[in-house]
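Subject: Handing over a structure, with notes

Dear colleague,

I am passing a structure on to you, and I would be glad if you read these notes with the model open beside them. Please find the sequence and structure here.

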Amino acid sequence: MISKCVHCLAENIEVTSDHVFPSSWYPSTTNVNVNRLTAPSCKECNNKISKIEESLLKVFSFTISPKSPGHSQIYEKVKRSISGSSGKNLKDQNIRISVQKKFFKKMFPAQNFPESSIVNPDNLRTTPESLGLLTSVEELHIFLSKLIRGIIYCFGKAK
């Protein structure tokens, strides 16, 4: 399909359907009739944002209790994705272990977070052993901009 990318605004290009809210973020129990909004995106933007969504999914998954309703399946899926024992072969196991090491390097004990970070400002249910994660402000900005553009596109075309 030839159209305009909602992210970089390139025109007359081949586009893919970018899920406004990432498909991988839905639990498997999500009703199949849920309207999963999509917006046109060039392959380059879709791939770039996909990597950010994958990174943020890991961060968000480990900051929400796995016992929260609807979250346990997503948490388990993310946990398996970085578990060496879930690898299909030795190469896959090593890749998962490498991803896991990089991921956990971003973790800090709650009491050691940099003052410039915004983490649990009221210290709710935080123990000295609690861990938190940092993600880049740039990643969050790109992801939130993508959500906003996608929502504007979907609801603007409905008129």
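Predicted model: local features only at pLDDT ≥ 70, side-chain atom pairs only at ≥ 80, totals over all residues.

Residues are numbered from 1 along each chain as its sequence is written, and side-chain values use heavy atoms, with hydrogens and water left out.

The chain as a whole

The secondary structure comes to four helices and five strands, where helices (H or I, at least four residues) and strands (E, at least two) are DSSP runs, numbered from the N terminus. Read from the N terminus on, the elements follow the order β-β-β-α-α-α-β-β-α. Of the 159 residues in the chain, 31% are buried; here buried means under 20% relative accessible area, exposed means over 50%, and partly exposed lies in between, with a 1.4 Å probe and protein chains only.

Helix α1 and its two partners

Does the length of helix α1 agree or disagree with what its number of residues should span? Helix α1 covers residues 43–61, and its 19 residues should span 27 Å at 1.5 Å a residue, which agrees with the 26 Å between its end C-alpha atoms; the expected span is 1.5 Å times one less than the number of residues. The buried residues of α1 include Cys45, Ile49, Ile52, Glu53, Leu56 and Leu57.

Two packed helices are described by the angle between their axes and the distance between the axes. The axes of α1 and helix α4 (residues 137–157) come within 10 Å and cross at roughly 110 degrees, the axes being lines fitted to C-alpha atoms, for helices over the stretch in contact, with angles running from 0 to 180 degrees between N-to-C directions. That makes α1 roughly perpendicular to α4, a term used for angles of 65 to 115 degrees. The crossing of α1 with α4 is left-handed, meaning that the near helix is turned anticlockwise from the far one by less than a right angle. On the α1 side the contact is made by Lys48, Ile49, Ile52, Glu53, Ser55, Leu56 and Phe60, and on the α4 side by Glu139, Leu140, Ile142, Phe143 and Lys146. Sorted by class, this contact has seven nonpolar, one polar and four charged residues; Ala, Val, Leu, Ile, Met, Phe, Trp, Tyr, Cys and Pro count as nonpolar, Asp, Glu, Lys and Arg as charged, and the others, Gly among them, as polar.

Helix α1 also meets helix α2 (residues 72–81), and the axes of α1 and α2 come within 10 Å and cross at roughly 115 degrees, again in a left-handed crossing. Here Leu57, Lys58 and Ser61 of α1 meet Ile74, Tyr75, Val78 and Ser81 of α2, and these residues divide into four nonpolar, two polar and one charged.

Single residues to look up

In the loop between β2 and β3 (38–42) you will find Phe21, which counts as partly exposed at 36% relative accessibility. Phe21 and Leu147 are 126 residues apart in sequence, yet their C-alpha atoms are 6.9 Å apart in space, and, leaving aside its neighbours within four places in sequence, Phe21 is in contact with Tyr26 and Leu147. Arg36 lies in the loop between β2 and β3 as well and is partly exposed, with a relative accessible area of 31%; apart from residues up to four places away in sequence, Arg36 touches His19, Ser23, Tyr26 and Thr30.

Finally, Asn12 lies in the loop between β1 and β2, where it has a positive phi of about 55 degrees although it is not a glycine, and at 67% relative accessibility Asn12 counts as exposed.

Methods: Parallel < 35°, antiparallel > 145°, perpendicular 65-115°, else oblique. Contact = heavy atoms within 4.5 Å.
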